[in-house]
Amino acid sequence: SSDRVFNFAAGPATLPENVLRKAQSELYNWRGSGMSVMEMSHRGKEFLSIIQKAESDLRTLLEISSEYSVLFLQGGATTQFAAVPLNICKNDDAVDYIVTGSWSDKAFKEGQKYCKPNVIWSGKSEKYTKIPSFDDLKQNPEARFLHICANETIHGVEFKNYPTPNNKNGILIADMSSNFCSKPVDVSKFGLIYAGAQKNVGPSGVTVVIVRNDLIGNAQDLTPVMLDYKIHAENNSLYNTPPCYGIYMCGLVFEDLLEQGGLVEVEKKNKKKAEILYNAIDESNGFFKCPVEKSVRSLMNVPFTLEKSELEGDFIKEAAKENMVQLKGHRSVGGMRASIYNAMPLAGVEKLVAFMKDFQAKHA
Ligand code: PMP
């Protein structure tokens with residue numbers, strides 16, 4: 001509606017308008033309970049129904065089998081950078097990381113404290129604009145797992161398919177924070193998937209972990225209880241007080257995604273939005289540029305620069321005047337970045353593209 005801006009932020013990010021309105025209508029008195037979800041006991045039957053429905057809808061969306069546990073945790077994806085090695089390997093185990101941008105680099109660096117990680121491919125020398133060809137990967141057959149970041153939020157590179165882990169346990173682990181639930185994913189290819197909620201599925205404060213059951217229960221001795229998947233799995237994510245309101249919001253988003261027809265339909269919409277934005281960049285005769293190799297451009301985060309880089313400040317300011325906000329690129333890469341998650345309507349991307357054309361006409 002007209003009192004809302006188009007918010008291109010990378011996260012926390014825009015949420016579906018109908019989800020916000022539903023939350024608003026239920027805020028004061030959730031379904032006749034006489035209280036808001038924020039005030040409920042996490043062990044009461046009302047909240048149990050909320051968390052169970054959220055889990056079951058997520059399982060439907062991603063077709064998650066009973067071989068996997070779904071956990072709603074806290075601490076953000078950053079906490080998982082430590083929790084993953086703490087739970088999945090011993091501290092002297094070798095582990096392979098593919099580093100395609102800042103986030104997989106951070107995961108690797110945190111991993112150094114809890115295992116013996118090795119970077120088997122890095123895109124750093126090419127400014128993180130590529131995904132490696134899987135044939136060229138030199139995986140360590142002794143590695144305990146292979147870790148990837150499925151979508152690099154800052155650099156805008158996205159895996160379009162996934163490497164087969166060639167290690168002794170065949171475990172592939174992915175940080176899907178910024179493309180979680182943006183398209184169908186074959187969960188059975190992964191040992192573990194984790195994602196901070198605040199891009200595609202809810203407010204910050206909830207971290208979703210999907211982990212194969214046989215990988216649970218071998219945490220390193222020093223693992224804090226809050227990071228031990230076994231504790232959380234045995235307690236259905238209710239070992240301590242969970243982020244109740246955030247989980248409720250994620251549940252509303254999952255419901256909304258199902259109502260849209262599920263992730264096949266959601267992916268179609270995301271592809272269409274990304275296509276018109278990348279086309280606008282590529283057809284600008286170099287006025288706008290996206291540095292990322294075409295075949296691995298992210299459907300979620302679109303980084304671009306202006307040939308006349310001195311105009312970037314004006315671009316961002318003028319866009320904001322037209323209610324398109326948060327278009328500044330990450331401080332580490334500069335330029336612009338449009339995050340176009342599930343909840344960004346097509347109309348938002350169309351408005352941005354029209355603005356880009358006008359801006360070019362004025363300044364070319
Ligand atoms: N991984 C990716 C891909 C991210 O985009 C982010 C957040 N921008 C993180 C990890 C860190 O997430 P959090 O802030 O939830 O710890």
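How many nonpolar, polar and charged residues does the shell around the ligand have? The model examined here is predicted. In this model, the shell has 3 nonpolar, 7 polar and 1 charged residues. Gly11, Gly76, Ala77, Thr78, Trp103, Cys149, Thr153, Asp175, Ser177, Ser178 and Gly196 are the residues around the ligand. Helix 3, which covers residues 76–88, gives the most to this shell. Its contribution is 3 residues.

Most peptide bonds are trans. Proline 12 is found in the loop between strand 1 (6–7) and helix 1 (17–27).

The overall fold was considered next. The secondary structure of the protein comes to 9 helices and 14 strands. The C-alpha trace spans about 60 × 60 × 30 Å along its principal axes. For 364 residues, a compact globule would have a radius of gyration near 21 Å. The protein has 21 Å, so its value agrees with that of a compact globule. Of the contacts with a separation of 6 or more, 69% are between residues 24 or more positions apart. Buried residues make up 45% of the 364 residues.

The interior was then described. In soluble globular proteins, nonpolar side chains tend to be buried together. In this protein, the largest nonpolar core has 109 residues. Helix 6 (residues 244–259) provides the largest share of this core, with 10 residues. Leu192 and Val208 have the most contacts inside the core. Leaving aside residues up to four places away in sequence, valine 208 touches Val70, Phe72, Phe180, Tyr194, Ala195 and Ala197.

Strands of a sheet pair through backbone hydrogen bonds, either parallel or antiparallel. Here the sheet is open, its strand order is 11-12-14, and the pairing is antiparallel. Strand 11 (288–289) and strand 14 (336–339) are the edge strands. Each of these edge strands pairs on one side only. Strand 11 pairs with strand 12 (residues 301–306) over 2 bridges. In this pairing, lysine 289 stands opposite threonine 305 in strand 12. Strand 12 is joined to strand 14 by 4 bridges. Phenylalanine 304 stands opposite methionine 336 in strand 14.

Most residues other than glycine have a negative phi. Serine 237 has a positive phi, near 60°. Serine 237 lies in the loop between helix 5 (229–234) and helix 6. A residue is buried if 20 or more other C-beta atoms lie within 10 Å of its own. Serine 237 counts as buried because it has 24 C-beta neighbours inside 10 Å.

Asparagine 323 also has a positive phi, near 65°. Asparagine 323 is found in the loop between helix 8 (312–321) and strand 13 (324–325). With 14 other C-beta atoms within 10 Å, asparagine 323 is partly exposed.

Conventions: Residues numbered from 1 in each chain as written. Predicted model: local features only at pLDDT ≥ 70, side-chain atom pairs only at ≥ 80, totals over all residues. Near = placed C-beta within 6 Å. Nonpolar A, V, L, I, M, F, W, Y, C, P; charged D, E, K, R; others polar. Rg over C-alpha atoms; globule rule 2.2 N^0.38 Å. Buried ≥ 20, exposed ≤ 12 C-beta atoms within 10 Å, placed from the backbone. Contact = placed C-beta atoms within 7 Å. Core = buried A, V, L, I, M, F, W, Y, C linked by C-beta atoms within 7 Å. Pairing = 2+ DSSP bridges.
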